[in-house]
Amino acid sequence: MEKDTKSDVPTTQEKKVTERREASQWAVAWRRFKRNKAGLAGLFIVLFFVFIAITSPWLAPYPPRSYQSLYEGDAGQSPSLKHPFGTSNSGLDVYSEVLHGTLGDMYVGVGATAIAVIIGIVIGAAAGYSRGGLSDVLLMLSQIFYTIPLLPLILLAARVFLILVAQGFGLTLIMLLLGVFGWSTIAFIVRGEILRVRELEYIQASRALGASRSRIIFRHIVPNILTPVIVTATLLIAGNILTEVVISFLGFGDVNTSTWGLTIQEGVAYIRTQWWVCIFPGLATLFAVLGFNLVGDGLSDALNPRLRD
Amino acid sequence: MAGLTKYIIRRVLFMIPVFLGVSILTFGITNAAGDPISLIRQGLKSAPPQVIEALRVYYHLDQPVYIRYLYWLWDILHLNLGVSVSGTSVIDKIGPWTLTTLELQIPSLLLAVLIGVPLGVYSARHQYSKRDVTVTTFALFGYSMPTFWLGLIMIIVFSLYLGWLPSAGAAGITHYWWGSQFGDAIAHLIMPLLVLTYVELATFVRLMRGNMLQTLREDYILAARASGLKEGTVIYKHALRNAITPIVTIMGLSFGSALAGAPGLETTFSWPGLGYEFVVATYSLDIPMIVGLTVVITIMLMIANLITDLVYGLIDPRVRLS
């Protein structure tokens, strides 16, 4: 098959050629992604937030959850040079909180997605490969996790387990909960792709040509699954960040770690006079989520062969 | 039609494991909180030990976990949801809350579909034009917005600065508009409704635009155009019909999750619906109320999913055959 399209390449170099073509597939995707201005803008936003998250301990003028401004007599101040985003009524420097919150929320968003992707791939692949009983049970399990009222159960679990869990692990607990409850979409995609791809003619052809099982899996099936999983995972990060912000806004998150939602929650009581406490963490959430959504959309366009022209 | 009946039976049977799954999760999580009696006792520290012992027997706490689960499940199946920690019957409370939630969710979902679907089609027909970019950006912001935060901004602007609309509750004692109860209800509804509609609308616009773009690339659309059909006929008779089916699924899903999934928004507006009350009950670890709310939310969610699947099966014959 490969020789048909590139007949000038001798057979002995066939392996090398396939490798090069595989690399160029990603290069094509990157070229297509680059042309998409919205996706590129999203990538810059995401990189910006990643940069902030990594450097927040050095960038932020105040340590996390520090009420120091209160003692400096700056509580409830509107945005100024000293406090770019103002201070809360209890003396939090909102600018520092937003910077520290970036780390917290990126940690939850990315970490929870990683957990969900791992669980989703394992369960989805097992459901796709196995036949009969196991496949049905795994499919049923995915359906249950797809149908359950997610947010209420996560809120309940966060409330109950945060009482039990030792201090300092609150944010990790939220991350675990989001990951453990949120894998069903990935599992469906992986299962669906495996079922679809494994019956395709080119897979049968390569099987007929004597390709080994592992070659089929890693050469043909994995790249097929990878594309939709990457797209879904990017969008899932956005969703997980949003959910974390809601959880901590409602007061079910970790009250000892800076997150955007927690800062918003502290501002609500004084929203009439001190709007900045609620506005800036919300803006940070909006743009971080927007960035991941843009990247997800851009990737989905770039990696979708049907839209290739 | 035999296929459809079988399909319905299969979908209904599927609800059983889902319900059991949710019930086990809820039971497990609430029990992980520790001894419910001691949780309640924090409020009534002076209770004598005989009373505590009587309570333990009454709530079957002297039995092993799986027996307790069966007792618990039995009560739920008889809609015996018990008495909340505050002393009121759970089932009596949940009824009005459900209505309040639906009063907000149903209009917003309808509005979102009615506005979102045409916007998505419009956007797809003018792909990459300025109008498309405007619509897509508008949708993208809605999609990326924390709902409750948009609600807070609305409250700052319309309640605190302009003073036009009430910021909390579903109804007030001082009737807000024209002194009538109905006007008052509308005045309270407007802000949460607008916020929720915007956020839901965004999903429909994105989905509809994407589906439409894909459908318009299909060969049968090319064939329809080549055979000289009017553009309007091609779009609305041939393309739209195919592109709109996933909307039904998303409608059902967002309705299902909306029953439970707007705790943030409902809390922001102190909207006395299921989401807000779930937050209140969970915060105070009012276990009978939490369980009652979870059960009601799950049942409604499953019914919403069932209806979605049935509608889907009706409009897309391929589904019920597979």
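**Core, chain contact and a helix pair**

The largest nonpolar core holds 147 residues, and A:Ile154, A:Leu155, A:Ile186, A:Val190 and B:Leu293 touch the most other members. Such a core is a set of buried Ala, Val, Leu, Ile, Met, Phe, Trp, Tyr and Cys residues joined through C-beta atoms within 7 Å, where buried means that 20 or more other C-beta atoms, placed from the backbone, lie within 10 Å of the residue's own. This is a predicted model, with local features needing pLDDT of at least 70 and side-chain atom pairs counting only at pLDDT 80 or more, while totals for chains, interfaces and linings use all residues. Residues are numbered from 1 along each chain as its sequence is written, and chains are lettered from A in the order in which they are written.

Beyond its neighbours within four places in sequence, A:Leu155 is in contact (C-beta atoms, placed from the backbone, within 7 Å) with A:Ile247, A:Leu250 and A:Phe252, plus B:Pro263, B:Val279 and B:Thr282.

As for the chains, 35 residues of A meet 37 residues of B. On chain A, α6 (133-147), α7 (150-164), α11 (213-249) and α13 (276-303) each supply at least two residues of the side touching chain B, helices being DSSP runs (H or I, at least four residues) numbered from the N terminus. The largest share, 10 residues, comes from α7(A).

Turning to one helix pair, the axes of α11(A) and α13(A), lines fitted to C-alpha atoms over the stretch in contact, come within 9 Å and cross at roughly 165°. The two are therefore roughly antiparallel (angle over 145 degrees). Among the residues that meet are A:Ile230 and A:Leu242 in α11(A), and A:Phe292 and A:Leu299 in α13(A).

Key: Contact = placed C-beta atoms within 7 Å. Axes fitted to C-alpha atoms, helices over the stretch in contact; angles between N-to-C directions. Parallel < 35°, antiparallel > 145°, perpendicular 65-115°, else oblique. Buried ≥ 20, exposed ≤ 12 C-beta atoms within 10 Å, placed from the backbone.
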